[in-house]
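Biologist: Please take me through this model one question at a time. Start with the terms.

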Amino acid sequence: MKDWMGKSKAIFLLGSLALILAGCGQENLSALIPKGYGAETSMDLIILSTIIMTFVFIVVILVFVIVLSRFRKKKGQENYIPKQVEGSKTLETVWTVIPIVLVIILAVPTVTATFDLADETGSEDGLNIEVTGNQYWWHFNYEGQEIQTSQDMYIPVGEKVHLNMMASDVIHSFWVPALSGKMDANPENENSMYIEAHEEGVYWGKCAELCGPSHSLMDFKVIAVSPEEFDQWVEDMQNVDPEAEPEDAVAQDGKAAFEENSCMGCHAIGSSPAQVGPNLTSFGDRSKIAGILEPTKENLVDWLMDPESIKPGNQMTGNYDITEEEANSIAEYLMQLQPSEITPESAGD
């Protein structure tokens with residue numbers, strides 16, 4: 001009786017945990033709510049494999065229950081031996097053919113989807129973005145557009161966007177669950193894939209490869225906007241003047257402090273690629289600071305003063321020494337780097 005009570009409690013706890021976990025997650029960070037072609041294809045395969053697994057589970061349970069009830073030892077039949085079926089060609093054929101058929105049913109659409117998602121048709125004339133994974137941020141270079149961004153990647157809705165990926169240090173993995181499957185970014189060789197969003201929105205991306213102490217904080221965003229808005233964003237980004245002076249005095253001091261502390265040695269503003277740290281051209285438009293903090297000036301000051309406490313192991317720690325006053329003015333300057341009115345907010349969040 002005690003045994004049964006213990007098992008009941010365990011089943012209840014597991015069931016409750018499953019129900020609670022089923023409510024976790026966010027719409028734009030869920031592979032189960034696909035908003036792009038790659039994610040939809042993956043979802044179709046998930047449904048197909050789940051149906052097959054459920055079918056196998058039900059059949060096995062049915063056979064198990066039938067065997068238990070029909071061939072259990074009964075009173076007065078202690079010496080009864082049921083008919084033995086070893087060597088039955090019919091049974092061996094059935095339990096050999098059925099798994100083969102199920103594997104074929106699963107394999108054909110899986111292989112087809114694999115080749116489909118690796119299709120590079122249109123990459124020569126379409127939008128190509130070089131993606132570089134770094135510890136712990138993402139860099140995006142729009143090929144032929146002279147646009148460099150970090151952390152936020154803008155794409156037009158309804159268009160194939162080809163991504164060519166590498167890593168600058170260790171292996172990372174690019175993953176936007178609502179739009180596509182995962183793809184490794186390796187230091188040695190380039191991997192390619194494409195994404196396509198069906199709806200405007202801000203889609204959350206993650207690094208899916210354990211790459212260091214702040215791996216779980218290596219977030220980024222894919223911002224899908226209408227083709228017209230994307231063209232406007234491209235034009236705005238191409239017209240950025242990296243030497244432009246801010247209008248207010250605090251931001252001007254911040255720009256001076258930014259230059260005096262050699263921040264440009266690691267970062268860049270404009271179309272020049274940053275060598276060490278993220279490109280800051282549209283920093284004021286980003287949906288997050290360092291990929292994880294709400295975009296407020298206070299959070300940026302905290303990040304500038306002690307980045308190690310927020311993202312352990314990052315390459316920014318220990319490379320400069322600034323006062324809180326300088327951090328405040330630099331934060332004011334960076335928050336004003338807003339070259340476009342096409343922002344994550346305009347795409348919905």
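Modeller: Buried means under 20% relative accessible area, exposed means over 50%, and partly exposed lies in between, with a 1.4 Å probe and protein chains only. The model is predicted, so local features need pLDDT of at least 70 and side-chain atom pairs count only at pLDDT 80 or more, while totals for chains, interfaces and linings use all residues. Residues are numbered from 1 along each chain as its sequence is written, and side-chain values use heavy atoms, leaving out hydrogens and water.

Biologist: Is alanine 290 buried or exposed?

Modeller: Alanine 290 sits in the loop between H5 and H6; helices (H or I, at least four residues) and strands (E, at least two) are DSSP runs, numbered from the N terminus. Its phi is near 60°, a positive value in a residue other than glycine. Most residues other than glycine have a negative phi. With a relative accessible area of 12%, alanine 290 is buried.

Biologist: What relative accessibility does glutamine 151 have?

Modeller: Glutamine 151 lies in the loop between S3 and S4. Although glutamine 151 is not a glycine, it has a positive phi of about 70°. Glutamine 151 counts as buried because its relative accessibility is 3%.

Biologist: Which peptide bond is cis?

Modeller: Most peptide bonds are trans. Tyrosine 136 is placed in the loop between S1 and S2. With omega near 0°, the cis bond runs from glutamine 135 to tyrosine 136.

Biologist: Which glycine in the turn of the S2 and S3 hairpin has a positive phi?

Modeller: S2 (residues 137-142) and S3 pair in the antiparallel sense over four bridges. Within this pairing, asparagine 141 stands opposite glutamine 148. Four residues lie between the two strands, and the residue in the turn with a positive phi, about 75°, is glycine 144.

Biologist: How many bridges join S1 to S5?

Modeller: S1 (residues 127-134) and S5 (residues 161-167) run parallel. Isoleucine 129 stands opposite leucine 163 in S5. The number of bridges joining S1 to S5 is seven.

Biologist: Which residues does asparagine 186 touch?

Modeller: Asparagine 186 is in the loop between S7 and S8 (191-195). At 11% relative accessibility, asparagine 186 counts as buried. Contact means heavy atoms within 4.5 Å. Not counting residues up to four places away in sequence, asparagine 186 touches Met166, Ala167, Ile171 and Asn191.

Biologist: At what angle do H5 and H8 pack?

Modeller: Axes are lines fitted to C-alpha atoms, for helices over the stretch in contact, and angles run from 0 to 180 degrees between N-to-C directions. Angles under 35 degrees count as roughly parallel, over 145 as roughly antiparallel, 65 to 115 as roughly perpendicular and the rest as oblique. H5 and H8 are therefore roughly perpendicular to each other. The axes of H5 (residues 249-260) and H8 (residues 324-335) are 7 Å apart, and the angle is about 105°.

Biologist: How close do the axes of H2 and H3 come?

Modeller: The axes of H2 (residues 37-71) and H3 (residues 89-117) cross at roughly 170°. That makes H2 roughly antiparallel to H3. The contact includes Leu45 and Phe55 of H2 and Leu102 and Pro109 of H3. The axes come within 11 Å.

Biologist: Within what arc do the buried residues of H6 fall?

Modeller: In H6 (residues 297-305), the buried residues are Leu300, Val301, Trp303 and Leu304. They line one face of the helix, because seen down the axis of H6 they fall within an arc (that of the directions from the helix axis to the C-beta atoms) of 160°.

Methods
Two strands pair if DSSP finds at least two bridges between them.
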